[in-house]
Amino acid sequence: MAGIVVIFDFDKTIIDWDSDNWVVNQMGITEVFHEFYPILPWNILMDRMMGEIHSLGRTVEEIAECLKAAPLQPHIIRAIKSSHALGCDLRIVSDANSFFIQTILKHHKLFEYFSEIHTNPSFVDEDGKLRILPYHDMSSPHGCNHCPSNLCKGFVIERIHASVSELGQKRFVYVGDGRGDFCPCLKLREGDFAMPRKNFPLWDLICSNRLLLKADVQEWSSAEELEKILLRLITTMSGEDKTSSQSPSFDSDCMVRVVPIPLHDAPRKALPVPH
Ligand SMILES: [Mg+2]
Ligand SMILES: [Zn+2]
């Protein structure tokens with residue numbers, strides 16, 4: 001094993017789009033989505049939208065077909081397969097849900113490359129309706145004010161730290177784009193890497209609060225760049241003298257600025273476009 005854990009966000013990172021928005025748009029429920037958006041937290045809203053799809057007589061199989069129809073870039077597929085071949089432990093930490101993620105990964109034959117997927121659980125109920133639940137038990141709040149109540153990705157990172165430390169997997173690479181990926185990046189340690197998607201909310205937050213991160217930062221703009229940079233990082237990290245505290249240095253457009261960190265009440269995702 002390379003001793004490296006690579007953690008991917010899912011929406012707008014592994015896939016170039018947002019799976020929730022994709023399903024809302026493709027299933028033609030943008031109008032009702034916009035009706036409930038102002039009054040429901042995202043996770044509950046998506047569960048409500050699955051109920052809406054069911055009430056229109058559309059099946060879980062149709063949702064699956066809609067997810068399979070969405071493209072996945074060949075560079076991402078290669079990045080996943082190559083980093084796995086280099087001995088990395090690959091994981092996903094996502095605020096989508098287990099049904100969406102598994103359907104897409106299995107369709108592209110990528111599911112087996114991941115040791116664990118940390119996301120909101122989902123299941124099909126007795127009426128054939130897809131249900132989406134929060135990752136955290138809502139009766140015991142996680143208490144992190146960066147994150148939505150259903151999922152604190154930083155909490156997940158700490159759990160992964162605890163579970164892999166005995167296996168000697170010491171260094172992490174975190175790849176993501178969104179506001180919800182900032183909290184887990186704050187949990188990264190010296191020698192780890194944060195890979196924010198350039199000009200997306202995570203990148204903005206890191207650029208504005210660079211001094212809060214212990215990890216090094218390497219931005220990416222395209223799937224091609226993600227593949228190239230991730231593999232270069234893994235190769236460099238694997239080849240480093242374990243006794244050395246030196247980290248590889250890379251160029252970054254990130255400027256150090258100090259601005260307040262926005263709290264979780266800002267919109268989590270871009271809204272689906274009404275038809
Ligand atoms: Mg994302
Ligand atoms: Zn958090």
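## The model and its conventions

The structure is a predicted model, in which local features need pLDDT of at least 70 and side-chain atom pairs count only at pLDDT 80 or more, while totals for chains, interfaces and linings use all residues. Residues are numbered from 1 along each chain as its sequence is written, with chains lettered from A and ligands numbered from 1 in the order in which they are written.

## The chain as a whole

You will find 10 helices and eight strands in the chain; these are DSSP runs numbered from the N terminus, H or I of at least four residues for helices and E of at least two for strands. Of the 275 residues, 39% are buried (20 or more other C-beta atoms within 10 Å of a residue's own; 12 or fewer is exposed, in between is partly exposed, and C-beta atoms are placed from the backbone).

Among contacts (C-beta atoms, placed from the backbone, within 7 Å) between residues at least 6 apart in sequence, 69% join residues at least 24 apart.

## Helix H3

Helix H3 covers residues 42–55, and its 14 residues reach 20 Å from first C-alpha to last, close to the 20 Å expected (1.5 Å times one less than the number of residues). Its buried residues are Trp 42, Asn 43, Met 46, Met 49, Met 50 and Ile 53. They lie on the same side of H3 because they cover an arc of only 115° around the axis, taken from the directions from the helix axis to the C-beta atoms.

That buried set packs against H1, helix H2 (30–36), H4, strand S3 (114–120) and strand S5 (130–132). After H3 comes Gly 57, with a positive phi near 80°.

## Where H1 meets H4

The axes of H1 (residues 19–26) and H4 (residues 60–68) come within 10 Å and cross at roughly 115°; axes are lines fitted to C-alpha atoms over the stretch in contact, with angles from 0 to 180 degrees between N-to-C directions. Ser 19, Val 23 and Gln 26 of H1 make the contact with Ile 63, Cys 66 and Leu 67 of H4.

## Two lysines with positive phi

Lys 12, in the loop between strand S1 (4–8) and H1, has a positive phi of about 65° although it is not a glycine. Lys 12 is buried, with 21 other C-beta atoms within 10 Å.

Lys 109 is also not a glycine, yet has a positive phi of about 55°. Lys 109 sits in the loop between helix H6 (98–107) and S3, and counts as exposed, with 10 C-beta neighbours inside 10 Å.

Terms used: Two residues are in contact if their C-beta atoms, placed from the backbone, lie within 7 Å.
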